[in-house]
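Subject: Structure handover

Hello,

Here is the structure you will be taking over. My notes on its aromatic rings follow below.

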Amino acid sequence: MSETNSTPVLFTRAGIAAGALRTLPVATGGLAFGVFYGFLAGQNGLTLLETALMSAWVFAGASQFLSVELWGDPLPVGALIATVLVINARHILMGATLGPWLKHIPPWKAYGSLYFMTDESWGLSVADIRNGGRDAAFLLGSGLTLFLFWNTGTILGRVFGEMLPDLNRYGIDFLGTAFFVALLAGFWRGRGDLIPWIVAAAVALVMERYVPGTWYILGGALAGSLVGALRHVR
């Protein structure tokens, strides 16, 4: 992303407010997904404190939903860490595209803003840069808004979900799988995606059968990503 605007990059409260206001319509969806996550966390045995801390420290919806699906006794720590790293590796590239802002502000402001970066706040920030926006605090305002709504939803879902009986006997535990299916459908760009998806599914199924633990998730993700990258290069 080239930088042609010579106006100095700022980091102001007005920028935080602009990012927050622009994000409010999106944040309401984050609140709903947070409630859903909090409910699933309770159904899978996470305490209120564990649920709240995961949302505050990890703050990555897809990774948190996956972690809930993998949660068990004993806890597959290695598989959890590796899988979350693979899922969130895209944030390295996402952060790099915000260079026109971040390279002009102090590191503590840049890294502090990146901590709260999500797919949604990144997309809105990139759009603001392309429209000539020069206030890097926009990213922080957007991320903080999503952080507040997501964590509020998480706590609400966990607290009120605790009042409900065990709903797994009604198949409610399938909601996590349904969420990922819906998320995957949103990434569909055409028949070119079919081969990487098939490879990922095949590798995951084989590993699930022959490799102990939950490494099949990581294996499927890596295999599909590798095939997709090779097809893109070719």
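Trp101 is buried, at a relative accessible area of 0%. Buried means under 20% relative accessible area, exposed over 50%, and partly exposed in between (1.4 Å probe, protein chains only). Phe138 is buried too, at 2%.

This is a predicted model: local features need pLDDT of at least 70, side-chain atom pairs count only at pLDDT 80 or more, and totals for chains, interfaces and linings use all residues. Residues are numbered from 1 along each chain as its sequence is written, and side-chain values use heavy atoms, leaving out hydrogens and water.

The structure holds 8 aromatic pairs. Rings of Phe, Tyr and Trp (its six-membered ring) pair if their centres lie within 6.5 Å; planes under 30 degrees apart are stacked, over 60 edge-to-face, the rest tilted. Trp101 and Phe138 make a tilted pair, because their centres are 6.1 Å apart and their planes stand at 50 degrees. Trp101 sits in helix α6 (residues 99–102) and Phe138 in helix α9 (residues 137–161), so this pair ties together parts 37 residues apart in sequence. Helices are DSSP runs (H or I, at least four residues), numbered from the N terminus.

Tyr115 and Phe116 form an edge-to-face pair, with 5.1 Å centre to centre and 85 degrees between the planes. Tyr115 is partly exposed at 40%. Phe116 counts as buried at 16% relative accessibility.

One aromatic cluster is formed by Phe36, Tyr37, Phe65 and Trp150.

Best wishes

Definitions and conventions. Helix = DSSP H or I, 4+ residues; strand = E, 2+ residues; numbered from the N terminus.
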